[in-house]
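Open the model in your viewer and keep the sequence panel beside it. We will go from stop to stop, selecting a few residues each time.

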Amino acid sequence: MTRAPKQRTQKSTGRAVTAVAGSEFTVDVAGATGAARALTEAGDALLSASGTAGARIESAHDSRPWGRDELGDAFARGYADAAAQVLSAWRDVADRTSRLGEEIFDATQAALETDRITSEVIDNVR
């Protein structure tokens with residue numbers, strides 16, 4: 001018969017702890033939550049910055065500082081494509097960074113909930 005891992009929350013440290021066959025898995029809840037918040041905020045800041053930069057790029061493109069002759073037209077086509085790719089990648093990085101923060105938060109909460117439920121089950125068995 002396999003024994004379920006013993007789990008407990010260390011109230012003094014705010015860490016969720018799971019002990020399995022002599023090893024321990026520990027989640028620093030405050031650290032993970034702080035990191036999750038920081039990543040989400042960083043992603044939001046990146047998204048905001050990409051919007052500001054995008055508006056400036058579009059404004060510069062519309063004013064066509066490189067001219068309206070054949071060479072200016074060729075530059076504009078290449079510039080517009082490159083700018084669109086950079087802005088798209090920038091927004092993608094911002095979105096992924098925010099989502100990573102959200103997923104770290106969710107995983108931390110799931111670890112705490114698992115710890116709580118398992119502790120209740122173990123307490124009821126005793």
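Start with Asp 73. Is Asp 73 buried, partly exposed or exposed? Its relative accessibility is 29%. Buried needs a value under 20% and exposed a value over 50%, so Asp 73 counts as partly exposed. Bear in mind that this is a predicted model.

Arg 64 and Asp 73 form a salt bridge. Their closest N and O atoms are 2.3 Å apart. Side chains of opposite charge can pair when their charged atoms come close. Check the backbone of Arg 64 too. Arg 64 follows helix α1, and its phi is positive, near 50 degrees.

**Step back to the whole chain**

Show the cartoon. How many helices and strands does the protein chain have? There are two helices and three strands. Trace them from the N terminus: the order is β-β-β-α-α.

The accessible surface comes to about 8,700 Å². Carbon and sulfur atoms account for 57% of that area. The chain has 126 residues, and 21% of them count as buried. Next, think about contacts between residues at least 6 apart in sequence. Of these, 58% join residues at least 24 apart.

**Helix α1**

Select residues 29-63. This is helix α1, with 35 residues. Draw a distance from its first C-alpha to its last. The helix reaches 51 Å, close to the 51 Å expected at 1.5 Å a residue.

Which residues of α1 are buried? Among them are Val 29, Ala 32, Thr 33, Ala 36 and Thr 40. Further along, Gly 43, Ser 50, Ala 53 and Gly 54 are buried as well.

Zoom in on Thr 33, which lies in helix α1. Thr 33 counts as buried because its relative accessibility is 15%, and the cut-off is under 20%. What does Thr 33 touch, leaving out residues up to four places away in sequence? The answer is Phe 105, Thr 108 and Gln 109. Now look at Val 29. Its backbone oxygen lies 2.8 Å from a polar atom of the Thr 33 side chain.

**The aromatic stop**

Color the aromatic side chains. The count comes to three aromatic pairs. One of them is Trp 66 with Tyr 79. This pair is tilted, with 50 degrees between the planes and 5.0 Å centre to centre. Trp 66 sits in the loop between α1 and α2, while Tyr 79 is in helix α2. The two are 13 residues apart, and the pair links distant parts of the chain.

Phe 75 and Tyr 79 form a stacked pair.

An α-helix has 3.6 residues a turn, so residues three or four places apart point the same way.

Keep all three selected: Trp 66, Phe 75 and Tyr 79 form one aromatic cluster. Tyr 79 counts as partly exposed, at 26% relative accessibility. Phe 75 is partly exposed too, at 44%.

How many salt bridges does a search of the whole structure find? It finds five. You have already seen the one between Arg 64 and Asp 73.

Select Asp 95 and Arg 99. They form a salt bridge, with the closest N and O atoms 3.2 Å apart. The two are about one helical turn apart, because they are four residues apart in helix α2. Asp 95 is partly exposed, at 38% relative accessibility. Arg 99 is partly exposed, also at 38%.

Move on to Arg 116 and Glu 120. Their side chains meet in a salt bridge of 2.5 Å, N to O. Glu 120 has 41% relative accessibility and counts as partly exposed. Arg 116, at 37%, also counts as partly exposed.

Conventions. Residues numbered from 1 in each chain as written. Predicted model: local features only at pLDDT ≥ 70, side-chain atom pairs only at ≥ 80, totals over all residues. Heavy atoms only, no water. Buried < 20%, exposed > 50% of the residue type's maximum accessible area, 1.4 Å probe, protein only. Contact = heavy atoms within 4.5 Å. Areas by Shrake-Rupley, 256 points an atom, 1.4 Å probe, with all protein chains shown as cover. Expected span 1.5 Å × (residues − 1). Phe/Tyr/Trp six-rings, centres within 6.5 Å; stacked < 30°, edge-to-face > 60°. Polar contact = N/O pair within 3.5 Å; in protein donor to acceptor, adjacent residues only side chain to side chain. Salt bridge = Lys/Arg side-chain N within 4 Å of Asp/Glu carboxyl O.
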